[in-house]
Structure formats: structure tokens, C-alpha cells
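This report covers the surroundings of a ligand and the contact between two chains.

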Amino acid sequence: MFELLIKSIQDKVPSTEEELHLCKTHFTPKRLRRKQFLLQEGDVCNRMAFIEKGALYSYTTDAKGGQRVMQFAFEGFWISDLYSFFTREESKLNIEALEDCELLLLDHEQHDYLLKNVRQYETYIRILYQNAYVALQQRIEGTLGLTAEEKYSHLVEQYATIVNRVPQHLIASYLGITPETLSRIRKQMASR
Amino acid sequence: MQTKRTIAILGASGNMGSAIAKALAKGNDRLLLISKEEEKLEALKTVITNEYPLADIEGMTCAMHGSWEADIIILATPYEAQTDVAEKIREVASQKIVISIANPLNATYDALVTNPETSAAEELQALLPHSKVVKAFNTTYAANFAQTVIDGKQADAFIAGNNESALETTAELVKTTGFNPIIAGKLSVSRTLEAMQLLLIQLTMKYKYNWLAGWKILHQ
Ligand SMILES: NC(=O)c1ccc[n+]([C@@H]2O[C@H](COP(=O)([O-])OP(=O)(O)OC[C@H]3O[C@@H](n4cnc5c(N)ncnc54)[C@H](OP(=O)(O)O)[C@@H]3O)[C@@H](O)[C@H]2O)c1
């Protein structure tokens with residue numbers, strides 16, 4: 001139930017059994033089925049989710065109900081709305097399960113407790129925030145500067161399995177292109 | 001709250017489990033009804049869906065899997081089963097609200113079987129050290145859920161626990177079921193709450209209240 005989380009912590013900050021146990025007891029194990037929500041817009045995001053199994057994605061909705069995909073997350077990764085988590089403002093994001101998931105949730109209260117009491121956790125979280133910041137900047141640069149084709153190859157490089165696990169229209173939305181353009185790019189790339 | 005919660009009711013085939021399930025079906029939560037009696041669960045689901053066609057309910061036989069999916073767990077099982085059930089759900093109930101409704105009565109309903117220095121709820125907390133145990137629904141009879149107003153007054157339902165936000169969430173649930181929630185205090189107040197139900201049962205038998213009776217605090 002905690003295998004990937006422990007690996008994720010150990011990879012970043014070597015920790016003792018005791019420290020890991022303390023961390024484990026502050027998480028909420030939660031199963032989510034496909035199409036169920038971890039967060040719906042309008043709620044304050046009170047928790048971060050580590051994915052032991054499955055996949056989720058976050059998105060905003062436009063006035064016509066269309067989805068704009070922000071992020072995909074798979075096993076071994078975290079997903080949340082950190083903006084709402086830190087500011088305590090209502091979230092504009094939806095976080096939905098793409099597949100049946102096994103998650104480990106950490107709410108605000110437990111997060112604060114671990115920050116104060118487990119030094120390893122603080123280091124771990126700092127590294128995660130660093131990575132999240134870098135990823136965010138890459139995402140902005142991608143949106144501003146890269147061609148659709150470049151963005152798509154970056155995405156596939158990052159997550160090889162994404163093509164098989166995520167519907168095409170969601171990948172297109174993430175890249176900010178139409179499904180038709182995506183399909184054209186994929187054909188071009190395949191013929192090379 | 002927009003994001004749908006999942007509430008697991010363990011022992012949903014019983015008097016209290018089915019009464020709580022019916023009452024919570026008025027709300028917006030997803031209900032997982034858990035029992036070994038699949039036929040009884042099907043019948044309960046039909047009753048609930050007939051009354052609340054939009055209710056999001058599902059039956060399940062495994063306490064562990066149901067509790068894993070849940071955000072809130074209600075133990076509508078007998079006190080005698082508490083250790084067993086806690087053992088099954090311990091790992092997946094970590095940091096979740098676990099509601100104890102049990103009254104640890106003896107077979108003749110004239111005493112509690114727990115030591116006066118503790119309560120069923122506190123024992124459950126010791127069995128589930130990483131969960132947020134809350135006492136609730138123990139001072140209301142199963143029959144009261146269908147009629148929360150008795151003699152013109154809305155029955156009170158007392159809540160006890162050590163975690164503030166868990167108490168507030170439970171108070172909301174109690175409100176959804178139609179009772180007037182009163183947060184009574186820390187989890188140790190469960191000793192009083194469990195003894196209150198012992199007294200109510202004795203009075204119900206003595207004065208023949210016909211199992212429709214409840215507590216109401218009169219105040220200005
Ligand atoms: N009845 C009331 O008016 C009332 C009022 C306040 C509080 N309570 C408390 O509510 C609880 C339930 O009472 P009830 O009257 O609803 O009893 P009940 O009708 O006998 O139901 C109890 C349920 O628990 C399950 N169960 C029984 N033994 C079990 C075991 N060893 N392990 C796991 N599950 C087991 C059974 O479901 P499955 O076997 O199908 O899973 C059964 O349907 C008790 O703790 C009682 O003190 C009752």
C-alpha cells in the first residue's frame with residue numbers, strides 16, 4: 001500500500017524505518033474509481049495525493065463546459081491544487097481519476113504536523129516543491145514557445161505510457177491543440 | 001462542499017445500519033453499504049432507490065475494501081464485533097473519521113459490560129490509533145430515524161470526539177439524518193453517552209415507550 005511512497009521518499013531523502021513509519025501513519029489510504037473526483041472546483045483543496053496505482057488529471061472548465069487539461073499524474077507522482085492548498089482559496093480545478101486509483105492522501109493538518117516534526121519530510125517536500133516549480137516553468141515555456149509537435153514529443157518522452165493510457169482528446173487539450181492536429185502530428189511522427 | 005464523499009456503513013443489513021443508510025441517502029454523499037448478507041443489501045438498495053432515485057449507493061461484502069474507498073466509516077456493528085472489525089479495517093482507516101454507534105450492553109440490558117473508566121468508543125480509538133473516532137448515533141433508537149420529531153420535539157443526538165473538524169463533519173451528518181446535533185465534548189464523554197442509552201432502554205421497557213423515545217435538552 002505504501003511501496004511507491006516509501007521509494008519516492010528514500011530516493012530523495014534516505015530515512016530510517018522509524019521516520020518512515022511516522023510518515024505512513026499520517027497518510028489516508030484511499031481508493032478512487034475511474035471518473036470519481038479527488039477535487040471539484042469551488043472547494044478549497046485540503047489535501048495532496050500520492051499515487052500508488054492508477055492515473056488522474058487536473059483541468060479547468062470553460063463557460064461552455066469544455067475541459068482545459070492542466071496536468072496528468074501517474075504512479076509514483078503527486079497531484080493536488082497547490083495554489084488552493086497554500087492560499088486556502090477556492091479551487092478552480094477539478095481533479096478526476098482516469099483509471100481506478102490507489103492513493104495516499106495527506107491533508108493540511110497532517111502536512112503541517114510532519115513539516116514540524118519530521119526533518120526528512122521537510123527535505124522531501126522541499127525537493128518536491130522544487131520539482132513542481134521547474135515543471136510549472138517548463139509548462140509555461142512550452143505553452144509560450146514550443147510548436148505543437150515539440151510539445152507532444154516532450155510529453156511522450158516524459159511519460160512513455162501516456163499514449164496508451166490517456167484519451168487523445170485530453171492529450172490534445174493538454175497541448176492546447178485540436179484532436180485533429182494531434183492526430184496529424186502523430187501520423188507525421190509515425191511515418192518518419 | 002462540491003467534491004462527493006464516500007461513506008461506508010459496516011453492518012448495513014442491521015437495524016441501525018439500514019436506518020442510518022436510509023437517512024443519509026437524503027444527502028449528497030456516496031454510500032457503500034457493507035454486509036455479508038447480499039440479499040438483504042439488495043432489498044435495502046431497492047427501498048432506498050425507490051425513495052431517493054438519485055441516491056448514489058452500492059452494496060459490498062468486504063469491510064476492508066469498502067473502508068479503503070471511504071472517507072468516513074460508520075461501524076453499525078455490535079460491540080462484541082468491535083475488535084474483529086477494527087482489525088480488518090485498521091490499515092485503511094488511518095486518518096479517517098470512524099463513527100462508533102455501539103452501546104456495550106449486557107444480555108439483560110441492565111448494565112454496561114465495559115469498565116466505568118472507559119467506553120466502547122475509547123476502546124475503538126485504542127484499536128484504531130491513527131483514526132479519528134467519533135461517538136454518534138448511540139442515543140437514538142433505530143426507529144427514531146424514520147421519525148426524528150417525537151411529541152412535537154426534534155430529538156437531540158449527541159456527539160463526542162477529540163478532533164474538532166471530525167466533530168463538525170459528524171454534526172453535519174447528524175443534521176442530514178434529521179436529528180439535532182449536540183457536540184457534547186471529548187471522546188471520554190462517550191462513557192456518559194453510552195450510559196444514557198442504557199438508562200433510556202431501561203425506561204423504555206419499564207414505561208413501555210414502544211421504542212420511540214429520545215433525549216431532548218430543555219434550555220432557554
Ligand atoms: N438498535 C438500536 O436502536 C440501537 C440504537 C443505538 C445504538 N445501537 C448500536 O448499534 C449497533 C448495531 O445494532 P443493531 O440493533 O443495528 O444490531 P443488528 O440489527 O443485529 O445489526 C448488526 C449488524 O452488524 C453485523 N455484524 C454482526 N456481527 C458481526 C461481526 N461479528 N462482525 C461484523 N459484522 C457483524 C451484521 O451484519 P452482517 O453480518 O450482514 O455484516 C448485522 O446486520 C450496536 O452496537 C448497538 O449497540 C443500536
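## Backbone contacts to the ligand

In this predicted model, a backbone N or O atom of B:A142 lies 2.9 Å from an oxygen atom of the ligand. On its own the ligand has 880 Å² of accessible area, and the protein covers 73% of that.

## Ligand shell and pocket

The shell around the ligand holds 22 residues, of which B:S13, B:N15, B:M16, B:S35 and B:N103 come nearest.

Sorted by class, eleven residues of the shell are nonpolar, nine are polar and two are charged. The ligand takes up the space of the second largest pocket.

## Interface between chains A and B

Contacts between the chains involve 23 residues of chain B and 23 residues of chain A. The size of an interface is often given as the accessible area lost when the parts come together. For chain B and chain A the buried area is about 1,800 Å², with 42% of it on carbon and sulfur atoms. On the chain B side, B:T3, B:W68 and B:Q95 lose the most area to chain A, and together they account for 36% of what that side buries.

Methods
Residues numbered from 1 in each chain as written. Chains lettered and ligands numbered in written order. Predicted model: local features only at pLDDT ≥ 70, side-chain atom pairs only at ≥ 80, totals over all residues. Heavy atoms only, no water. Near = heavy atom within 4 Å. Polar contact = N/O pair within 3.5 Å; in protein donor to acceptor, adjacent residues only side chain to side chain. Areas by Shrake-Rupley, 256 points an atom, 1.4 Å probe, with all protein chains shown as cover. 1 Å grid on protein atoms, 1.4 Å probe; cavity = no way out; pocket = protein on both sides within 12 Å on 5 of 7 lines; lining within 4 Å. Sits in = over half its atoms within 2 Å of the grid points. Nonpolar A, V, L, I, M, F, W, Y, C, P; charged D, E, K, R; others polar. Contact = heavy atoms within 4.5 Å. Buried area = accessible area lost by both parts, 1.4 Å probe.
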